[in-house]
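Trainee: Before we start, could we go through the terms used for this model one at a time, setting each value against its definition?

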Amino acid sequence: MKRNAILPLVAAVACVVPSVAQTNAAATYRGHEAAVFAVKSNPTVPLKMTFCGDTVDLDRLDMFERLDRELTSVVYAHTGTLLCLKRANRYFPALDSTLRANGVPLDFLYLACTESTMDCNAYSPAHAAGLWQLLAATARQYGLEVNGEVDERYDPEKSTVAACRYLKAAYRKYGHWATVAASYNAGMGRISGELERQLESNSFDLYLNSETSRYVFRIMAYKTLLADPKRFGYRLTRQQLYQTVRCTTDTVTGTVASWPQWAKAHGITYAQLREANPWIRASRLTNQQRRRYCVRIPLADDLYRSRRHYSAYNPAWVVE
């Protein structure tokens, strides 16, 4: 073939190649265009809400955006929020009673949600532990035992009593529950110092680090969602909520050489013993000071799904 005859052929091929590429690209684009995506709705933030009996004005732009951020985060953090809701059904009844007995508003239930997503075995990089994420020094200050064999920060009821002592002490200082909640995150020393430096009377008006600035709004976000989870797409039956396990108690005042042997003698496994008594942190109890411990022994019927009764702490949490 002559050289001058080849040139038109090459030019024709060159014209075809881009056309094929463009066709493939268009097909790929049309494929994405045809994909079906789940609808994502932004949660509605009211103009005001209550926290611990006080009205919180959410008309101010910064207040609205802070709650909007946390509510959006909680609503769409599906795994953590769903587990928090299930666990709350197990622990809220006892925590509710303890808060009431200590004169602490029930909205502080949602502080525990914020701290641990209601995981009683939660442990943070800062070495805070339990539902209320207490540091060891703070726990001891408010009456809990913390050592290698016993750590009452993991006991849901005792740790709630300790948290109540802190919250009431902070309320005596500030007289404003939202500021009390902020101090739970930052410490009373830091909050008091910032109130003085910034010439403000409550934590909502303070310029704080991101974590503390978001903290109270995170609590309010959990309150908003748990008031009516179905409104945000969370639909559970009673059987899907984690249930409180009823227990008998046995008093221990001496040494326990082996908790596994103790458990077997009481008709349960060591794993069931540790689940019912998360404050036990070792396989033995020295107890040189002869302290008195109430050890919970779960009832057999409550350990099996087919035998137990199912209840919901809040009827709004379930679909019938």
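Trainee: What makes Asn 287 count as buried or exposed?

Mentor: Asn 287 is called buried because its relative accessible area is 6%, and the term buried means under 20%, exposed over 50% and partly exposed in between, with a 1.4 Å probe and protein chains only. This is a predicted model, in which local features need pLDDT of at least 70, side-chain atom pairs count only at pLDDT 80 or more, and totals for chains, interfaces and linings use all residues. Residues are numbered from 1 along each chain as its sequence is written, and side-chain values use heavy atoms, with hydrogens and water left out.

Trainee: Where does Asn 287 lie, and what is its phi?

Mentor: Asn 287 lies in the loop between helix 11 and strand 4, where helices (H or I, at least four residues) and strands (E, at least two) are DSSP runs numbered from the N terminus. Its phi is positive, about 55°, although Asn 287 is not a glycine.

Trainee: Is Leu 199 buried or exposed?

Mentor: Leu 199 is called exposed because its relative accessible area is 73%. Leu 199 also has a positive phi, of about 60°, without being a glycine, and its place is the loop between helix 8 and helix 9.

Trainee: What makes Glu 70 buried or exposed, and which residues does Glu 70 touch?

Mentor: With a relative accessible area of 1%, Glu 70 is therefore buried. Glu 70 is found in helix 2 and touches Arg 214, Phe 217, Arg 218 and Ala 221, leaving aside residues up to four places away in sequence; contact here means heavy atoms within 4.5 Å.

Trainee: How many residues has the largest nonpolar core, and what makes a set of residues a nonpolar core?

Mentor: A nonpolar core is a set of buried Ala, Val, Leu, Ile, Met, Phe, Trp, Tyr and Cys residues joined through side-chain atoms within 4.5 Å. The largest one has 71 residues, and those with the most contacts inside it are Phe 92, Phe 108, Met 118, Trp 132, Tyr 184 and Leu 226. Among the elements that each supply at least two residues of this core are strand 1 (48-51), helix 2, helix 3 and helix 8 (188-198), while the largest share, nine residues, comes from helix 9. Apart from this core lies another, of 14 residues, including Val 252, Leu 285, Val 295 and Ile 297.

Trainee: Which residues does Phe 108 touch?

Mentor: If residues up to four places away in sequence are not counted, Phe 108 touches Cys 52, Leu 99, Trp 132, Leu 167, Trp 177, Val 180 and Ala 181.

Trainee: What makes a space a pocket or a cavity?

Mentor: On a 1 Å grid over the protein atoms alone, a cavity is a set of points where a 1.4 Å probe fits but cannot get out, whereas a pocket is an open set with protein on both sides within 12 Å along at least five of seven lines; lining residues have an atom within 4 Å of a point. Grid points are joined across faces, edges and corners, and a volume is the space filled by probe spheres set on the points.

Trainee: What is the volume of the largest pocket, and how does its lining divide by class?

Mentor: The largest pocket holds about 840 Å³ of space. Its lining has 36 residues, and the closest to its centre are Val 245, Cys 247, Glu 275, Ala 276 and Arg 296. The lining of the largest pocket divides into 19 nonpolar, six polar and 11 charged residues, where Ala, Val, Leu, Ile, Met, Phe, Trp, Tyr, Cys and Pro count as nonpolar, Asp, Glu, Lys and Arg as charged, and the others, Gly among them, as polar. Helix 3 gives the largest share of this lining, five residues.

Trainee: What is the volume of the largest cavity, and which residues line it?

Mentor: The largest cavity has a volume of about 30 Å³, and a search of the whole structure finds one cavity of 30 Å³ or more. The largest cavity is lined by Arg 66, Ser 203, Phe 204, Leu 208, Thr 212, Ser 213, Val 216 and Phe 217, with the largest share of the lining, four residues, coming from helix 9.
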